Amino acid sequence: MLTESFRQTHDARYSQKIGAGDYFMRTVKAGSTVRITDVDGNEAADTLFYSALDPAERYSANDTVREQGNVYLGTGSVLRSNRNNPMLEIIADTCGRHDTLGGACSSESNTVRYAHDRRCMHSCRDNWMNAIQENEHFGVTKRDIAHNINFFMNVPITPEGGLSFADGISGPGKYVEMKALMDVIVLISNCPQLNNPCSGFDPTPLEIAVWDN
């Protein structure tokens with residue numbers, strides 16, 4: 001379901017562009033609203049969420065999918081933790097559907113899915129590892145890199161129960177907006193993938209904005 005927001009970026013307390021292939025890591029307080037915008041369209045925001053009070057509590061695809069009874073995320077989805085606590089709720093969405101099954105690209109998956117010579121290509125897992133190394137004060141470690149959400153990414157489930165990486169359904173300026181239900185650490189990799197359509201074979205910027213309510 002497509003739902004728009006009344007909020008304007010120029011009224012946000014904080015906003016930042018996330019360059020193509022770069023990462024973003026920041027705390028968002030409970031009650032705040034966070035928006036991720038697909039600036040040029042057909043980009044993927046590989047995103048992890050952690051409790052700011054205890055990063056061992058993190059986003060769980062299993063709990064989220066089980067509780068909502070739907071494998072796709074959209075307006076009304078409550079993103080739940082591995083302790084089954086609500087972390088954020090999607091309150092506006094102009095894309096319509098987001099993936100939480102396809103996982104993130106890594107040197108290993110690039111090798112398995114594509115070719116051995118793709119192993120050293122930049123990946124979302126590289127971004128996350130760089131982020132936690134350069135931001136140790138958040139208390140997130142390598143063991144906390146778990147399953148993620150791929151905002152704006154189109155990963156249909158086939159009739160046989162498999163996954164396919166399809167052309168994106170997002171477009172320039174489309175966004176997803178969430179209300180934080182606890183203090184959360186937001187960790188985003190602006191996907192650098194060049195081997196499938198998740199970034200249109202041409203990674204582009206994302207934008208993040210935060211409002212106090």
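Q: Is Arg66 buried, partly exposed or exposed in this predicted model?
A: The model is predicted. Buried means under 20% relative accessible area and exposed means over 50%. Arg66 has a relative accessible area of 48%. Arg66 is therefore partly exposed.

Q: Which side chain meets that of Arg66 in a salt bridge?
A: The salt bridge has an N to O distance of 3.1 Å.

Q: Which residues join Glu177 in one network of salt bridges?
A: The network is built from salt bridges that share partners. One of its pairs is Glu177 with Arg35, at 2.8 Å from N to O. Besides Glu177, the network holds Arg7 and Arg35.

Q: How many residues apart are Glu177 and Arg35?
A: Their side chains meet in a salt bridge. Glu177 sits in strand 8 (residues 174-180) and Arg35 in strand 3. The pair thus links distant parts of the chain. The separation is 142 residues.

Q: Are Glu177 and Arg35 buried or exposed?
A: The limit for buried is under 20% relative accessible area. Glu177 has 0%. Arg35 has 6%. Both values fall under the limit, so Glu177 and Arg35 are buried.

Q: Which parts of the chain does the salt bridge of Asp144 and Arg58 tie together?
A: The two side chains meet at 3.5 Å, N to O. The residues are 86 apart in sequence, so the pair ties together separate parts. Asp144 lies in the loop between helix 3 (124-134) and strand 7 (149-151), and Arg58 in the loop between strand 4 and helix 1 (61-68).

Q: Where do Asp144 and Arg58 fall, buried or partly exposed?
A: The cut-off for buried is under 20% relative accessible area. Asp144 has 7% relative accessibility, so Asp144 counts as buried. Arg58 has 21%, so Arg58 counts as partly exposed.

Q: What is the nearest side chain of opposite charge to Glu43?
A: Glu43 is buried yet has no salt bridge. A salt bridge needs nitrogen and oxygen within 4 Å. The nearest side chain of opposite charge is 13 Å away. That side chain belongs to Lys17.

Q: Which residue has its backbone nitrogen 2.7 Å from a polar atom of the Glu43 side chain?
A: Glu43 lies in the loop between strand 3 (33-38) and strand 4 (45-51). Its side chain has no salt bridge. The backbone nitrogen at 2.7 Å is that of Thr204.

Q: Which strands stand at the edges of the six-stranded sheet?
A: The sheet is open, with antiparallel pairing and the order 1-10-3-8-6-5. Each edge strand has a single partner strand, so one side of each is left without a neighbour in the sheet. The twist averages 20 degrees from one strand to the next. The edge strands are strand 1 (14-18) and strand 5 (78-80).

Q: Which residue of strand 10 stands opposite Tyr14?
A: Strand 1 and strand 10 (residues 206-211) run antiparallel. Five bridges join them. Opposite Tyr14 stands Val210.

Q: Which residues more than four places away in sequence does Val78 touch?
A: Val78 is found in strand 5. Val78 counts as partly exposed at 23% relative accessibility. Its C-alpha atom is 6.5 Å from that of Ile90, 12 residues apart along the chain. The residues touched are Thr64, Pro86, Leu88, Glu89 and Leu181.

Q: What do the buried residues of helix 1 pack against?
A: The buried residues are Ala61, Asp63, Thr64 and Val65. Thr64 is among the residues that Val78 touches, and Val78 is found in strand 5. The packing partner is strand 5.

Q: Which residue just after helix 1 takes a positive phi?
A: At the start of helix 1, a side-chain oxygen of Ser60 reaches to within 3.4 Å of the backbone nitrogen of Asn62. Just after the helix, phi is about 65 degrees. The residue is Gly69.

Methods:
Residues numbered from 1 in each chain as written. Predicted model: local features only at pLDDT ≥ 70, side-chain atom pairs only at ≥ 80, totals over all residues. Heavy atoms only, no water. Helix = DSSP H or I, 4+ residues; strand = E, 2+ residues; numbered from the N terminus. Buried < 20%, exposed > 50% of the residue type's maximum accessible area, 1.4 Å probe, protein only. Lys, Arg positive; Asp, Glu negative; His and termini not counted. Polar contact = N/O pair within 3.5 Å; in protein donor to acceptor, adjacent residues only side chain to side chain. Pairing = 2+ DSSP bridges. Axes fitted to C-alpha atoms, helices over the stretch in contact; angles between N-to-C directions. Contact = heavy atoms within 4.5 Å.
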